[in-house]
Amino acid sequence: MTWLITGGAGYIGAHIVRTAIADGHEVVVLDDLSTGVAAKLPGGVPLITANLKDHKAVEQTFIDHQISGVVHLAARKQVGESVERPLYYWEENVGGLTNLLFSMQQHNVKNLVFSSSAAVYGQPDLAESETIQESLTCNPINPYGATKLAGEWMANALVNSDEFKVAALRYFNVAGAAADDLGDTFALNLIPIVMQAIKAGSEPKVFGTDYPTTDGTCIRDYIHVQDLAEAHVAAMKLVSSSDPSFQAINLGTGKGTSVLEVIEVIREVTGREIQPTLSERRAGDPPSLVANATLAAQALNWTSRFTLREMVESAWSAWQHQH
Ligand code: WQD
């Protein structure tokens, strides 16, 4: 049974590739290498270097390989960029997925694990102690989140029309690395941004200190990328063995951490003095986003194992290795 992993050469995808292989699965990767790195793939893993918008290349992949399921990650994922270039996001994320689903339909491949995002929830109006359940109404506030929600809808429609079996995994804040060569190479999220600032000798910014939270900074649910990868392998098994269905599942730890708490852990782990600049709020940041992780535990028989400290330790080690 061969799984096609789109975006498998990226930060998260490469973790999934290695975890799936270690679990005994055969994998094929399709990645346009716009942000992915071929060297992250273990030797022997077939790589098709193509963008999902290239319908011919996607179709040829299904002709050349006996694919029985797809883990779909290949997409654009920068919230700010999606606001500036919305059509690019719709074209890449929804257009790419449309091609992929056509080929899956054509080749009778019905198992799909879809990389979704907590961005589908938007800015939920919750009390500070409340976590986010999958049943919450989705209301994305940026084109990135909207394309992820549209992707969920498209996949869901194929459950009825073609008996697809879909797990849409809604990621919270992914961090850490399982090995030094698998670290996040981009400084686009809080932990790598702070590490980059340490290396550059500059001061990281804390966006907003007047939120209605314990220390005034935003609360997020940080999850180790290796935990996330293991949840994907569990989801591959879930869809393979289930009846036609669509399940949206949060991937988080259920534990919230504030921006200042994250910076404190980075200070402890790196031993470096960090003097963050306390800045204005960043537009569109909800005060608190923490997953209710109950469904993941039930449906995937999976719970997160790694602590925030382990995320920061592994991210720091990989960051130093790469920079
Ligand atoms: C985390 C916290 C910032 C940078 C994004 C996407 C989301 C998902 C995960 C893909 C926030 C604060 C950040 C900085 C700061 N992506 N911060 N100074 O926005 O929670 O989630 O990534 O699916 O869809 O929106 O992640 O790492 O940008 O921010 O104070 O320099 O750190 O305000 O509270 P975010 P983030």
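How much space lies in the largest cavity?

Mentor: About 110 Å³ of space lies in the largest cavity. Before we go further, this is a predicted model, in which local features need pLDDT of at least 70 and side-chain atom pairs count only at pLDDT 80 or more, while totals for chains, interfaces and linings use all residues. Residues are numbered from 1 along each chain as its sequence is written, and side-chain values use heavy atoms, with hydrogens and water left out.

A cavity is a set of points, on a 1 Å grid over the protein atoms alone, where a 1.4 Å probe fits but cannot get out; lining residues have an atom within 4 Å of a point. The volume is the space filled by probe spheres set on the points, which are joined across faces, edges and corners.

Of 14 lining residues, Tyr11, Gly176, Asp184, Pro192 and Ala315 are the closest to the centre of the largest cavity. Strand S7 (173-175), helix H6 (190-200) and helix H10 (308-322) each give two or more residues to this lining, and H10 gives the most, with 4. Helices (H or I, at least four residues) and strands (E, at least two) are DSSP runs, numbered from the N terminus. By type, the lining has 9 nonpolar, 4 polar and 1 charged residues. Here Ala, Val, Leu, Ile, Met, Phe, Trp, Tyr, Cys and Pro count as nonpolar, Asp, Glu, Lys and Arg as charged, and the others, Gly among them, as polar.

The whole structure holds 2 cavities of 30 Å³ or more.

Conventions. 1 Å grid on protein atoms, 1.4 Å probe; cavity = no way out; pocket = protein on both sides within 12 Å on 5 of 7 lines; lining within 4 Å.
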